[in-house]
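Hello,

Here is the structure we talked about handing over.

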Amino acid sequence: MTAVCIGNVKIKNPFILAPMANFTDLPFRLQCRKYGASLAFTEMMDADGLFHGTYDIEKEFPKAKKDHPVAAQIVGPNPDTMAFSAKLLEKQGADIIDINIGCPSFKLSKKGAGAKLLEDRKRISQIIKVVVGGVKIPVTVKIRAGWDDSKDAVKIAKVVETAGAAAITIHARTGKMGFRGKADWAIIKKIKKAVHIPVIGNGDVTSPKLALEMIEQTGCDLVMIGRAATGNPFIFRECLHYAKYNKFLTSPTSREKRDALLELWNISKKYYEPEFSRFKLYSYGYTKTIPGGKAFRERISQTKNLEELEELINGWFVETDKV
Ligand SMILES: Cc1cc2nc3c(=O)[nH]c(=O)nc-3n(C[C@H](O)[C@H](O)[C@H](O)COP(=O)(O)O)c2cc1C
């Protein structure tokens, strides 16, 4: 496995953690790194919120020695607030600034941000140029194949490259598709052929085999894993093993999953008080495939606060220890 450089940032293996709102906070990023993720993205941060000070940067993007390399992702329609936020995040320790031109949510589309920007290549170019000009660190861009069809995907990618991006991520669905249908990896291949910056392929990688297939089929430099990593940071270790030995690593045991959930809880506490709703989400993820998981998740859903949730998770610790 050869390392890939995004600007001056060295990415030591091809398997990277996607930006995911409500999931890729500092504790989860640290845990994915432990299992081998070579680069991790923050959740998207609203540039207007950062500009107007309604976002607490210490909470959204706390500094941590081990959280590197890290790409801080920003979203917004306005070049100036995007550049302001990029500078702020650079100062806070980001290694890379990532511009989100892929989120299809109604809230963002309404103000012409996220995937909706795919309809306006001129604005995409403006935003990237201003952000690139405002920071010293590399700037990457995450796009979808288009807003309602993918006919301009390559044109968009070239605009991104020409405007100065150091790498491009392509989630191979249109904005309109949301998460429906299948990611069309042929679009990743076309973009890889058309640009000279590193290409990060994304969409529907749910196993080490598919991660390697994406590289083989599209020629992409890096593979970004999203949903398959939630509740399953082990996927990075599995990808590394498969890439090295061409053999599958055995799946994590229930006990390993339990330990990982407890570890996540402890990492979270080290940095800040875990949020109840977020931790409930995590707990569902880590117990998705374990025997007795359904019953445990029902008990999770009935908890009313952090104390109850903590008690339940610790109780599970004792129960699984007996197994
Ligand atoms: C819960 C959730 C939150 C997401 N949040 C973001 C985000 O903040 N920024 C972004 O660029 N993409 C976001 N995405 C999209 C993912 O980064 C990724 O592009 C998508 O899930 C496809 O990859 P996958 O098939 O590996 O999950 C999110 C996806 C999910 C499921």
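The protein chain has 14 helices and 11 strands. Keep in mind that this is a predicted model.

On overall shape, a compact globule of 323 residues would have a radius of gyration near 20 Å, and the protein chain agrees because its own value is 20 Å. The C-alpha trace spans about 60 × 45 × 35 Å along its principal axes.

Of the 323 residues, 56% count as buried. The accessible surface of the protein chain is about 14,600 Å², and carbon and sulfur atoms account for 54% of that. If we take the contacts between residues at least 6 apart in sequence, 69% of them join residues at least 24 apart.

As for charge, there are 51 positive and 36 negative side chains in the protein chain. The centres of these two sets lie 4 Å apart.

Buried residues in α11 include Lys257, Arg258, Leu261, Trp265 and Ile267.

Is Ala172 buried or exposed? Ala172 counts as buried, because its relative accessibility is 2% and the cut-off for buried is under 20%. Leaving aside residues up to four places away in sequence, Ala172 touches Lys182, Ala183, Asp184, Trp185, Ile188 and Asn202. From Ala172 to Thr253 there are 81 residues in sequence and 32 Å in space, C-alpha to C-alpha.

Regards

Conventions: Residues are numbered from 1 along each chain as its sequence is written. This is a predicted model: local features need pLDDT of at least 70, side-chain atom pairs count only at pLDDT 80 or more; totals for chains, interfaces and linings use all residues. Side-chain values use heavy atoms; hydrogens and water are left out. Helices (H or I, at least four residues) and strands (E, at least two) are DSSP runs, numbered from the N terminus. The radius of gyration is taken over C-alpha atoms; the globule rule is 2.2 Å times the number of residues to the power 0.38. Buried means under 20% relative accessible area, exposed over 50%, partly exposed in between (1.4 Å probe, protein chains only). Contact means heavy atoms within 4.5 Å. Accessible areas come from the Shrake-Rupley method with a 1.4 Å probe; for residues, only the protein chains shown count as cover. Lys and Arg count as positive and Asp and Glu as negative; His and the chain ends are not counted. The place of a charge is taken as NZ of Lys, CZ of Arg, CG of Asp or CD of Glu.
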